[in-house]
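Have your viewer ready and try each task before reading on.

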Amino acid sequence: FCMEVDFLLYNRKQTAIGFQNDARGYELRSEHFKGSSSPKAVRFFQNESNQVQVFEGFFDFLSYQTINNRAESPSNFLILNSLVFFQKSREIMEAHQAVHLYLDRDTSGLKITEEACKSNPKYMDKSIHNQDSKDLNDWLIKRKLIQTNSIKLDQQRNNQKLHIKRHLSNATERERESRVTIPQTHNSKYIQCLCTQFIQILLTIFFAFTIAPHSSTRYRATSK
């Protein structure tokens with residue numbers, strides 16, 4: 001739908017997104033420029049449909065394509081590029097059975113939408129779906145930001161859950177190690193205690209069989 005357009009403005013080269021109209025002029029948009037080249041006119045996409053989607057600007061048209069992923073049943077599209085072309089385009093619009101209006105929700109856009117809907121039942125206000133935004137493009141940007149923030153929040157929650165699991169796993173591992181180490185320490189001390197007691201018993205037995213007989217002999221010798 002769009003192309004890159006180079007043009008001169010005050011003898012300086014500019015580059016912008018270009019959206020061509022039916023008179024071969026362009027709507028031009030860049031970070032630092034918003035305007036159009038002559039001649040200014042509407043853009044009508046004829047897809048042999050009995051309904052037409054009407055947009056005030058081409059960014060709203062592109063937003064519609066993004067939202068619907070270009071998978072909806074074919075429809076005709078009319079991009080006004082300015083509200084001054086609305087009355088001039090009524091013949092095109094009213095040649096359809098249904099006219100869906102996606103005009104900006106500012107004072108001028110709401111007024112024209114209201115008047116058109118009152119004048120002919122073919123006209124339907126579709127901007128009510130984005131009534132909390134100034135236009136369809138603004139609504140899409142807000143929705144994308146919400147989705148992006150939601151994804152970031154989910155990632156943060158998942159990271160927190162993973163951190164907690166790792167912390168619990170490490171704590172459990174340390175607890176297991178402590179459970180294994182403590183009995184080994186107690187067993188070692190217990191074995192040392194048993195060895196000490198066993199040595200004491202052996203020494204007692206040794207002295208009992210070595211020292212005691214000599215003492216008895218000396219006693220008997222003295223008695224004689």
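Which residue stands opposite Met 3 in β2? Before the solution, a word on the model: it is predicted, local features need pLDDT of at least 70, side-chain atom pairs count only at pLDDT 80 or more, and totals for chains, interfaces and linings use all residues. Residues are numbered from 1 along each chain as its sequence is written, and side-chain values use heavy atoms, with hydrogens and water left out.

**Exercise 1: the hairpins**

Solution. Step 1: the residue opposite Met 3 is Gly 18. Helices (H or I, at least four residues) and strands (E, at least two) are DSSP runs, numbered from the N terminus, and two strands pair if DSSP finds at least two bridges between them.

Step 1: β1 (residues 3-9) and β2 (residues 12-20) run antiparallel, joined by 7 bridges. Further along, Phe 7 has Gln 14 as its bridge partner in β2.

Step 2: look at the turn. The hairpin of β1 and β2 has 2 residues between the strands, and Tyr 10 takes a positive phi near 55° there.

Step 3: carry on to β3 (residues 26-29), which pairs with β2 in the antiparallel sense over 4 bridges. Ile 17 has Arg 29 as its bridge partner in β3. This hairpin has 5 residues between the strands, with a positive phi near 70° at Arg 24.

**Exercise 2: the open sheet**

Work out the strand order of the open sheet formed by 5 strands.

Solution. Step 1: the order is β5-β7-β6-β8-β9, with mixed pairing. Because β5 (43-45) and β9 each have a single partner strand, they stand at the edges and one side of each is left without a neighbour in the sheet.

Step 1: ignoring direction, neighbouring strands are turned by 20° against each other on average.

Step 2: inside the sheet, β6 pairs with β7 (residues 76-79) in the parallel sense over 4 bridges; the partner of Val 54 in β7 is Leu 78.

Step 3: α1 (residues 58-68) lies across β5, β6, β7 and β8, and runs at about 150° to β7. Such angles run from 0 to 180 degrees between N-to-C directions, with axes fitted to C-alpha atoms, for helices over the stretch in contact.

**Exercise 3: the faces of α3**

Which residues of α3 are buried? Here buried means under 20% relative accessible area, exposed over 50%, and partly exposed in between (1.4 Å probe, protein chains only).

Solution. Step 1: the buried residues are Gly 109, Ile 112, Thr 113 and Ala 116. Seen down the helix axis, they fall within an arc of 100°, so they line one face of α3; the arc is that of the directions from the axis to the C-beta atoms.

Step 1: the face turned away carries the exposed residues Thr 107, Lys 111 and Lys 118.

Step 2: the buried residues of α3 pack against α2 (90-93), β8 and β9 (123-125), where contact means heavy atoms within 4.5 Å.

**Exercise 4: the core**

How many residues does the largest nonpolar core have? Such a core is a set of buried Ala, Val, Leu, Ile, Met, Phe, Trp, Tyr and Cys residues joined through side-chain atoms within 4.5 Å.

Solution. Step 1: the core has 15 residues, and Val 54, Phe 86 and Leu 103 are among those with the most contacts inside it.

Step 1: β6 (51-55), β8 (98-102) and α3 (107-119) each give two or more residues to this core.

Step 2: a second, separate core of 10 residues includes Phe 19, Phe 45, Tyr 64 and Ile 79.
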